[in-house]
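This briefing reviews selected features of one structure for computational work.

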Amino acid sequence: MRQQTGETKGNARAEMIFATGNAHKLKEFREIVGGDIVVCGLSDMGCDADIPEDAETLEGNALAKARWVAARYGAPCFADDTGLEVDALDGRPGVHSARYGCAEGHDAQANRQRLLSELQGVEPAARTARFRTVIAYIDARGAEHLFEGTVEGHILDSERGGDGFGYDPLFVPAGWTQTFAEAGADRKNAVSHRGRAVRAFVDFLRNEKQKNNNNTR
């Protein structure tokens with residue numbers, strides 16, 4: 001049975017749904033936006049489905065997930081996809097970043113181990129890389145919008161730091177000496193790919209809200 005718009009299993013109301021079951025992503029998003037947007041994740045909706053991510057681009061995956069949630073719940077929703085693009089590997093793992101180390105599921109340690117294995121022997125100056133996040137948002141009218149954030153950096157030859165998730169222990173942003181996993185959430189979110197994409201998204205929502213307020217005066 002189709003769940004009512006914006007209704008979570010705890011009967012709380014949410015302004016929109018984040019099409020993710022990743023608790024780390026949801027926590028990071030909430031830390032970035034603060035109280036500006038009331039967001040629930042898929043687990044809040046009682047949904048444990050593994051939404052297909054088989055597109056060949058970050059944009060395609062983000063749109064596919066957002067469309068799946070919009071069709072199921074009929075609520076404004078958004079999804080993201082993030083890729084780590086390593087220059088020495090011709091842009092890999094890219095769109096396959098989440099499952100780079102294993103075909104099924106999400107194993108961050110296996111992903112990092114494969115990356116390090118493929119970069120063995122690559123000089124530090126040639127280990128340049130970037131994180132790129134794309135957010136796809138479907139509004140109440142069904143219109144689709146895309147937002148992007150990128151951060152440049154390089155890949156270490158061993159892991160450092162215990163915070164963050166994914167490839168964070170290996171990635172040092174340009175101009176930094178710490179990895180994302182060493183920096184702490186506030187410092188990471190201020191410059192990260194996801195932080196930049198989220199802020200572009202939130203700025204858009206604020207502008208849309210202002211337009212709506214002006215139109216009702």
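Asp90 is exposed, its relative accessible area being 73%. The model is a predicted one. Asp90 belongs to the loop that runs between strand 3 and strand 4. From C-alpha to C-alpha, Asp90 and Ala190 are 28 Å apart in space, with a sequence separation of 100 residues.

**Nonpolar cores**

- The largest nonpolar core has 20 residues, of which Ile17, Leu42, Ala66, Val69, Tyr73 and Cys77 touch the most other members.
- Two or more residues of this core come from each of helix 2 (58-73), strand 3 and strand 5 (128-138).
- Helix 2 makes the greatest contribution to this core, giving 7 residues.
- Another core, of 19 residues, lies apart from this one and includes Leu116, Leu119, Val172 and Phe180.

**Cysteines**

- How many disulfides does a search of the whole structure find? The search finds 0.
- For Cys40, the closest cysteine sulfur is that of Cys77, and a bond is ruled out because the two sulfurs are 10 Å apart, whereas a disulfide requires a pair within 2.5 Å.
- Cys47 has its closest cysteine sulfur in Cys40, at 11 Å, which is likewise too far for a bond.
- Both residues are buried: Cys40 has a relative accessibility of 3%, and Cys47 has a relative accessible area of 8%.
- Cys77 is in contact with Met16, Ile17, Ala66, Val69, Ala70, Ala136, Tyr137 and Ile138, leaving aside neighbours within four places in sequence.

**Helix 3**

- Helix 3 spans residues 108-118, and its buried residues include Ala110, Asn111, Arg112, Leu115 and Leu116.
- The cover over the buried residues of helix 3 includes strand 3 (77-86), strand 4 (93-94) and strand 6 (144-155).
- The N-terminal end of helix 3 is capped by Asp107, which places a side-chain oxygen 3.2 Å from the backbone nitrogen of Gln109.

**Ser192**

- Where does Ser192 lie? Ser192 is in the loop between helix 5 (185-191) and helix 6 (193-215).
- Is Ser192 buried or exposed? With a relative accessible area of 0%, Ser192 is buried.
- A polar atom of the Ser192 side chain lies 2.9 Å from the backbone nitrogen of Gly195.
- When residues up to four places away in sequence are not counted, Ser192 touches Val151 and Phe180.

Key. Residues numbered from 1 in each chain as written. Predicted model: local features only at pLDDT ≥ 70, side-chain atom pairs only at ≥ 80, totals over all residues. Heavy atoms only, no water. Helix = DSSP H or I, 4+ residues; strand = E, 2+ residues; numbered from the N terminus. Buried < 20%, exposed > 50% of the residue type's maximum accessible area, 1.4 Å probe, protein only. Polar contact = N/O pair within 3.5 Å; in protein donor to acceptor, adjacent residues only side chain to side chain. Contact = heavy atoms within 4.5 Å. Core = buried A, V, L, I, M, F, W, Y, C linked by side-chain atoms within 4.5 Å.
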